[in-house]
Every structure is written in structure tokens, then in C-alpha cells.
Amino acid sequence: MTDLQNRFHDIIAPVIAFDSEVEIVDGKGSWVTAVDGKQYLDFACGIAVTNLGHRPDAVVTAAQSQLNKLWHAGGAFLYEPLVTAAESIVDIAPDGINKVFFMNSGAEAVEGSIKLARKVTGRQGIITFRGGFHGRTMGSVTYTTSKAKYRQGYHPLLPSTFVVPFPHPYGWGMTQEEANAYALRELEFKFRYEVTPGEIAAFLVEPMQGEGGYYPASKAFLDALRAIADEHGILLIFDEVQTGFGRTGDWFTSQVYDVRPDVLVMGKAIANGLPLSAVGASSELLDQWLPGSHGTTFGGNPVCCAACTATIDGLREVIPTVPASSEHAFSRWNTLKEEHPTIGDVRGLGLMIGIELITADGSPDPEAFTSIASFARDAGMFILNCGPDGNIIRFIPPLNVSREDLDRGIDILTDAIAAYESGR
Ligand SMILES: Cc1ncc(COP(=O)(O)O)c(C=O)c1O
């Protein structure tokens, strides 16, 4: 162990599980540099946060210049970066989202969206979808069902939360249509046997599940939820914390699928790595959230807001390039799937691609991920996994990754998969 690793283990609570203990000292674009000078291609992106890569020049300049003027106001004063960041978000957000409330983290924004939904509907029930990840705070972990371990030891969680299936066609051995029909039938049963729709304040759903296994919801499924929500006065909350800001090929997955949420939850890439999150909704809804009935000290920090506006400006040029990078990556991964029995499925949207690794009998193969990630690290590349079994590669390069680096990343993983297959 290095000196830093020893100090780390002595002082940092182990509950925060790090994927690696490689000490890095610098990051630029798609690359990070370790203390020993070794460079790594960073396809973890700080868990889908650095969509513009590390330290994009314009974001650095915006944050630095704000830092030199004002870095905290805490709700005591008005400051321009707050309003400009909100205007930038509304400009790119799905139709109908025209007001914003800023917070600090994804979990906090999820909880904010639930408080908003309960307040404005006067109803208590929340419906969430199995495999969803919405955060780790006491409220948000109630809605998180991507792994039982995240909830273990914390019960009782918030009452009046109802979990229904989210379509997992590959995992269930079904077509997308069959999986949608099954999930919607279970929702119908939920309403028939457990809770009436009139008691439900909101559906909380990721339009593409992230941590739970990189499953896109499909337009048909989200259209169906939209229709049920409209019929019963239920709010449709899209948690786009991981899928937002270009990751799935448009600003938000809502626009990829052309399905309108009532409430949009944002975080992660919103300021390319500075801590900021937000809830967006119509002014009709947000104007009913009366002053003081929710609040924050740090949310909407001036430096983070300046970084947010610069990030959105930077993404304006990058997002139109995502479909071509996505097509290239999907085409290569689909070819690799034909050649490598370890790859059971390739799925996703934009540059949010899940590669599911399986054993010879088709079961999830977490050992394959461990071996591939370790090979990749030795070869100079970082990746993360997802899914309840940890057997799915999250392929999430920065959105502005060069074609050369995109191919380099896929080449490294191809060698890693071949090495794993030759040894098993
Ligand atoms: C979809 C989704 N929602 C909420 C969160 C929680 O965000 P945070 O870790 O910033 O609290 C995450 C984090 O991974 C996420 O992927």
C-alpha cells in the first residue's frame, strides 16, 4: 500500500466504496494522470458527470472568474449567475419545464421532487420502478431498488411507496413489447389490489435505468405512463440525473422519446462536476410550492451556476455529434457481441451503453467484469459496472471523446474480453 492509501484507510469511512485506489493528480479531456505519471482513459467520467471531459476550458474560465467575484450568497441576496443558469436550463429542457429550483445533489433533488409532488397534489403515495436508482439519503433510498444492499439495515423506509416492475426485456427473456405489457399489467394490478390511483401523487421513473442495469424504458412504456398519469392526475417525474445533459443523445431522454414529464430531476453533468442539482417543472406547479416550504443553504451556489451555464453552452456544440459517436460505438459493440460469447446483450441510448457479461449458461458473470476492468486498468483505462449483479459494463465516455480515443477504449475492452475468454 502507498502512504496515501494507508492514510485513506485510517481516516475515511469505508462505507464510501471506491472503485479503485489509483491516486490521480490531474485530469484533462478524456484522460486522467496518476501520481506515478501513468495516464488513464477515463470512461467512468466520475459516474456519468464529466460529459465535457475533465476541465473543459470554458467551464474552468467561467468558474474561476465567478470565484474571483462572489462564491456564496446563501439565499440572502440575489445574484445573476443563478438566474442565468436557470434560464439556460429552461432553454434546453423539455416543453413545459419553465421554472427551476436548485439544490446540491441528485438525491436531494429527488427528495425535492417528491416533496413538491406531495405538496401540490395533496396526495401521499409514490410509485417507483424496480431496478431504479434515485440516491442514498433516507428518503431517496426508499425509492431506490437497484440493489437490496442499498436498503439493508435502514428500514423502516418512507411509507406509501409502491414498487412496480420496470421493463427488463433481456433479463426476463422477453421482447420489449412483452416486457412493457407485463410491467403495465403489474401496474394495473397495483391499482386494483393495493392502492387506488387517486392516492398516488407521482410516478418516479428513470427514462433509462442507470445503476439498475442500463435499460432504456422505450417510448411505448413512457407514453403509457404519461397517459395513466393524465387520466388520474398523477405527476410524472423523470429522474434524469444520470441520463441528462446529452448522455442519451439529446439534452434529455424525454426529448429522445418525445415524452413530456411534469417534473424533471437533474444533477451529475449539470455543471460538469461542480456540485449542483435541480428540479424543473411548469410555473403552474412550482408557483404552488410556497416560499419557505422547502429550502437550501448551498443550492444554486454562484460558482456552480456559472459552471452550469458554461457547461450547457459547451454542450450545444457537442450534443449534435453524439448520434454519430453512438452509432459507431453501437456498431462496434454489436459486432463484438457476435464474436464473443461473454457478451450477452448490448443496449442503451446515445453514449450510455450497457454491455451485459454472461457465463456459458447465460447467467450474469460479475467475475468477467472484475477481470475485464482489471485488464483495462493495467492497459490504462477506467470503467464502471452496473446492474444488481455487477456484470454490466457502463460504457460512458465523455460526450466529446475523440474518435481515436473512443476506438482506443473499445480496443482495450476487446483485448480484455478476449483475455478473459481465453482463460475461462
Ligand atoms: C438516476 C439517479 N438519480 C439520483 C442519483 C443520486 O445522485 P447523487 O449521488 O448526486 O445524490 C443518481 C446517482 O447515481 C442517479 O443515477
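In this predicted model, Ala278 touches Ile89, Val100, Phe101, Phe102, Met103, Ala109, Met266 and Ile270, leaving aside residues up to four places away in sequence; a contact here requires the C-beta atoms of two residues, placed from the backbone, to lie within 7 Å. Residues are numbered from 1 along each chain as its sequence is written. Because the model is predicted, local features need pLDDT of at least 70 and side-chain atom pairs count only at pLDDT 80 or more, while totals for chains, interfaces and linings use all residues.

Together with Ala202, Phe203, Ile237, Val265, Ala307 and Ile372, Ala278 is among the residues with the most contacts inside the largest nonpolar core, which has 117 residues. Such a core is a set of buried Ala, Val, Leu, Ile, Met, Phe, Trp, Tyr and Cys residues joined through C-beta atoms within 7 Å. A residue counts as buried if 20 or more other C-beta atoms, placed from the backbone, lie within 10 Å of its own, as exposed if 12 or fewer do, and as partly exposed in between. Helix H12 (residues 302–318) provides the largest share of this core, 9 residues; helices (H or I, at least four residues) and strands (E, at least two) are DSSP runs, numbered from the N terminus. The core lies between domain 1 (3–55 + 319–423) and domain 2 (57–318), because both give residues to it.

Turning to the chain as a whole, its secondary structure comes to 15 helices and 17 strands. The C-alpha trace spans about 60 × 55 × 45 Å along its principal axes. Of the 424 residues, 48% count as buried. Among contacts between residues at least 6 apart in sequence, 72% join residues at least 24 apart.

The two domains of the protein chain, whose bounds come from an automatic or database domain assignment, have C-alpha centres 25 Å apart. Their contact takes 28 residues from domain 1 and 33 residues from domain 2. On the side of domain 1 that touches domain 2, at least two residues each come from helix H2 (45–48), helix H13 (322–339), strand E13 (343–349), strand E14 (352–357) and strand E17 (392–395). E13 supplies the largest share of that side, 4 residues. By class, this side of domain 1 has 13 nonpolar, 10 polar and 5 charged residues, where Ala, Val, Leu, Ile, Met, Phe, Trp, Tyr, Cys and Pro count as nonpolar, Asp, Glu, Lys and Arg as charged, and the others, Gly among them, as polar.

The ligand has 15 residues around it, of which Gly106, Ala107, Gly135, Val241 and Gln242 come nearest; to be near, a residue must have its C-beta atom, placed from the backbone, within 6 Å. Helix H5 (residues 106–121) gives the most to this shell, with 3 residues. The shell around the ligand divides into 5 nonpolar, 7 polar and 3 charged residues.

Asp250 lies between strand E10 (235–239) and helix H10 (253–257) and is buried, with 22 other C-beta atoms within 10 Å. Beyond residues up to four places away in sequence, Asp250 touches Gln255, Val256 and Ile319. The C-alpha atoms of Asp250 and Gly350 are separated by 8.0 Å, although these residues are 100 residues apart along the chain. Glu206, in the loop between strand E7 (200–205) and E8, is likewise buried, with 28 other C-beta atoms within 10 Å.

Some backbone details complete the picture. Tyr214, in the loop between strand E8 (208–209) and strand E9 (215–216), has a phi near 55°, a positive value in a residue other than glycine. Phe245 also has a positive phi of about 55° and sits in the loop between E10 and H10. Both are buried: Tyr214 has 26 other C-beta atoms within 10 Å, and Phe245 has 30. The peptide bond from His155 to Pro156 is cis, with omega near 5°, and Pro156 lies in the loop between helix H6 (138–142) and strand E6 (161–164).
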